[in-house]
Amino acid sequence: MSKLMRKFLLAVVAPLLVMGSLSFVLTAVLVNRFAEDERYSQLAREANIIQEAIDGNQPLPRDIQGFITIDGQTQRLGGRGPQPVNLPALEKLQQQDVIDVQNQRLLTYQLKEGDTVITTIRNAPLASSALNGVYLAIGVALLVTLLLATGLAYYMGRQFTRPIVNLRSVAQQIGAGKKSVPLPERPNDEVGELIAAVDEMQEQLLQKETLQKSFIAGITHDLRTPLAIIRNETEALAAGVIPLDELPDVTDSIIEETDRLGLLIDETLVYSKLAGGMMPLERVETRLDDLVFDTVGRLEATFEKEGVALVAEAVPVTRRVDRHMFERVLVNFLMNAHAAAPPDSRVIIRLTETELTVEDAGRGVPESDRATIWDLYVKQDGSSGHGLGLAISRLILDSHELVYGVRTSPQGGACFFIRL
């Protein structure tokens, strides 16, 4: 039996046991109280019968147990007839009372008429064997009910816990690296939702693995290509086969490829540090409008080379941000827009009190991709990047606790936004 099954049975049976025990005790008390009331009524009737016999000068009944006191003389009734006894304790009894005689609990009733006192006596109900059958029946019914409830709880518990226990095996197989592990049947409840979540997690792991392999293949190619160019041109320089008039072009090419390698390595390191929490933010009060205009001023010439106009519209806005990291996000948004914008179009960066947007007139981002483009290794078709830029931007914006996303721009392309 699994631990979960034992906990389930304990959670079901323990309350039933407590409720059953309380019900048994309460029922026994109520039955005994009712029986005592009936016993006192019986004692009162017997006392009246004795009184009627005295009043009618008739023989006293022998089947009634008790005592009769007349003018201070007490006689015991029942059995062989009246027998004189000396019981001063009878004078202290109330009309309905309880006494203990030889470890027996007795109920008494007294009827007083002038100098005559009639005391009738009966065993208390709990001391009576007549109620033993009632208590036994209640106890047996409680036990049978508890056994049936335990059996039903065990059956239902197995149906409830089996998918969860099977999920443990599924999780162990997934953790061991097995792919496409079959999942148990999904019931229409929260357990079914849990199984669906595990299924979705398994699909996401497969997607992540595919993307990771794609990223490794792409980044390996991106590393190998500039390295091969640098090696070939360096070997040519060492061999002295490059004419002097071509040396500037060759050295520029080597520097360009080196910068490309440095950028790729820098992005990889930045993502690793941000994801590992090893790059704490330095938030300061920053004029975002100044940051926007400064960034646009540095990139404006790059856009003009491709015939794309870069337009900035901003109102004065101050927020506590890490200026360097926030600028990195702006540059990434703008360069993505630059790559997507067709010639003779505009890229507009707009800053208001509540939002910062970067929009272009490109192809836009399909709705199906808007949630995944922020993931590591993911890049859109035709992109020359490595799938790191938006992943880094996501970590930066998440650490600033800002809401962000992408929608369709008024120009028909993509509009990346940050809620301030």
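Is leucine 148 buried or exposed? The numbered points below take up this residue and several others.

1. The model is a predicted one, in which local features need pLDDT of at least 70 and side-chain atom pairs count only at pLDDT 80 or more, whereas totals for chains, interfaces and linings use all residues. Residues are numbered from 1 along each chain as its sequence is written, and side-chain values use heavy atoms, with hydrogens and water left out.

2. Leucine 148 counts as exposed, at 61% relative accessibility, where exposed means over 50% relative accessible area, buried under 20% and partly exposed in between (1.4 Å probe, protein chains only). The residue is found in helix α2 (residues 132-175), helices being DSSP runs of H or I with at least four residues and strands runs of E with at least two, numbered from the N terminus. Together with Leu136, Val140 and Val144, Leu148 makes a nonpolar surface patch of about 390 Å². Accessible areas come from the Shrake-Rupley method with a 1.4 Å probe.

3. A negative surface patch is formed by Asp245, Glu246, Asp249 and Asp252, with Asp and Glu counted as negative and the place of each charge taken as CG of Asp or CD of Glu. Of these residues, aspartate 252 is found in helix α4 (residues 247-275) and is partly exposed, with a relative accessible area of 46%.

4. Tyrosine 40 counts as buried at 10% relative accessibility and, leaving aside neighbours within four places in sequence, is in contact (heavy atoms within 4.5 Å) with Gln96, Asp97, Val98, Leu107, Thr108 and Tyr109. The C-alpha atoms of tyrosine 40 and glutamine 95, which are 55 residues apart along the chain, are separated by 9.9 Å. Glutamate 46 is also buried, with a relative accessible area of 7%, and touches Ile64, Thr120 and Arg122, not counting residues up to four places away in sequence.

5. Most residues other than glycine have a negative phi. Asparagine 57, in the loop between α1 and β1 (66-70), has a positive phi of about 50 degrees and is exposed at 72% relative accessibility. Aspartate 344, in the loop between α6 (323-340) and β10 (346-351), has a positive phi near 65 degrees and is exposed, with a relative accessible area of 74%.

How values were computed:
Patch = residues over 30% accessible without salt bridge, like charges linked within 9 Å, V, L, I, M, F, W, Y side chains within 5 Å. Salt bridge = Lys/Arg side-chain N within 4 Å of Asp/Glu carboxyl O.
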